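Have a look at the model first, then read on.

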Amino acid sequence: MPESLRAAIRDVVDFPQPGIVFKDITPILADGKLFGKSISLLCDTLGGAKIDKVVGIDARGFIFASAVADRLGVGFVPVRKKGKLPWKTRQTPYALEYGEAVVEIHEDALQPGEVVLLVDDLLATGGTAAAAVKLIEELGANLIGISFLIELAFLGGRAKLAPHPVHAILTY
Ligand code: AMP
């Protein structure tokens with residue numbers, strides 16, 4: 001069944017800039033069965049472990065992470081791009097596969113010791129997820145794992161996330 005997800009992903013060459021092959025996941029979102037399956041597979045990466053919150057990364061990560069949180073019956077916490085969160089935040093800068101940015105989390109979004117799963121759509125260089133990991137750890141939460149729908153393994157991003165367990169449903 002992960003292969004039906006793979007078959008639905010659309011490669012868009014030279015988006016958003018030359019040299020990038022963008023993995024378009026919108027055909028998965030548009031198909032109720034495939035979307036539901038992607039959420040089931042992301043939930044399965046926990047192996048039955050109990051968690052308190054799912055953290056998702058702006059913006060496609062929100063789609064998967066919030067659905068995972070709802071499926072598990074736990075809360076959802078957004079890591080957002082700079083300037084979007086209204087309350088007091090912690091920030092960290094990071095480098096993207098294309099460009100640079102800053103991500104933020106509300107400073108009261110996670111309590112010390114809460115068990116957290118981090119979810120994003122795609123692992124490329126790992127810079128974005130590593131920034132989210134830093135914010136989660138600064139708030140004192142216990143990061144149990146990081147789950148992606150897609151891993152671009154040839155970019156080696158997984159190494160930036162050690163020693164945290166990294167799971168990917170589809171690897172390229
Ligand atoms: P990175 O920080 O390099 O791991 O980049 C990961 C973030 O950028 C993810 O949140 C993805 O949504 C997005 N991203 C990076 N490269 C791609 C790609 N080739 N296709 C789709 N999304 C990408």
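Contact here means heavy atoms within 4.5 Å. With that in hand, leucine 149 is in contact with Leu5, Ile25, Ile28, Ser38, Leu42, Phe64, Asp120, Asp121, Ala168, Ile169 and Leu170, leaving aside its neighbours within four places in sequence.

Some ground rules: this is a predicted model, where local features need pLDDT of at least 70 and side-chain atom pairs count only at pLDDT 80 or more, while totals for chains, interfaces and linings use all residues. Residues are numbered from 1 along each chain as its sequence is written, and side-chain values use heavy atoms, with hydrogens and water left out.

**Nonpolar cores**

- A nonpolar core is a set of buried Ala, Val, Leu, Ile, Met, Phe, Trp, Tyr and Cys residues joined through side-chain atoms within 4.5 Å; buried means under 20% relative accessible area, exposed over 50%, and partly exposed in between (1.4 Å probe, protein chains only).
- The largest nonpolar core has 27 residues, and Leu5 and Leu149 touch the most other members.
- Helix H1 (2-8), H3, H4, strand S7 (115-123), strand S8 (142-151) and strand S9 (166-171) each give this core at least two residues; helices (H or I, at least four residues) and strands (E, at least two) are DSSP runs, numbered from the N terminus.

**How H3 meets H4**

- H3 and H4 pack at an angle of about 70°, with their axes 9 Å apart; axes are lines fitted to C-alpha atoms, for helices over the stretch in contact, and angles run from 0 to 180 degrees between N-to-C directions.
- That makes H3 and H4 roughly perpendicular to each other (under 35 degrees is roughly parallel, over 145 roughly antiparallel, 65 to 115 roughly perpendicular, and the rest oblique).
- On the H3 side, the residues that meet H4 include Phe35, Ser38 and Leu42; their H4 partners include Phe64, Ala67 and Val68.

**Aromatic rings**

- The structure holds three aromatic pairs; rings of Phe, Tyr and Trp (its six-membered ring) pair if their centres lie within 6.5 Å, and planes under 30 degrees apart count as stacked, over 60 as edge-to-face and the rest as tilted.
- One of them is phenylalanine 35 with phenylalanine 64: the centres are 6.0 Å apart and the planes at 75°, so the pair is edge-to-face.
- This pair links helix H3 (residues 32-44) to helix H4 (residues 60-72), with the two residues 29 apart.
- Phenylalanine 64 is buried at 0%, whereas phenylalanine 35 is partly exposed at 22%.
- Phenylalanine 62 and phenylalanine 76 are edge-to-face because their planes sit at 85°, with centres 5.8 Å apart.
- Phenylalanine 62 is buried at 18% relative accessibility, and phenylalanine 76 is partly exposed at 30%.

- Most residues other than glycine have a negative phi, and most peptide bonds are trans.
- A cis peptide bond joins phenylalanine 15 and proline 16, with omega about 0°; proline 16 lies in the loop between strand S1 (10-13) and strand S2 (21-24).
- Aspartate 14 is found in the loop between S1 and S2, and has a positive phi of about 65° although it is not a glycine.
- Alanine 162 and proline 163 are also joined by a cis peptide bond, with omega about 5°, and proline 163 sits in the loop between S8 and S9.
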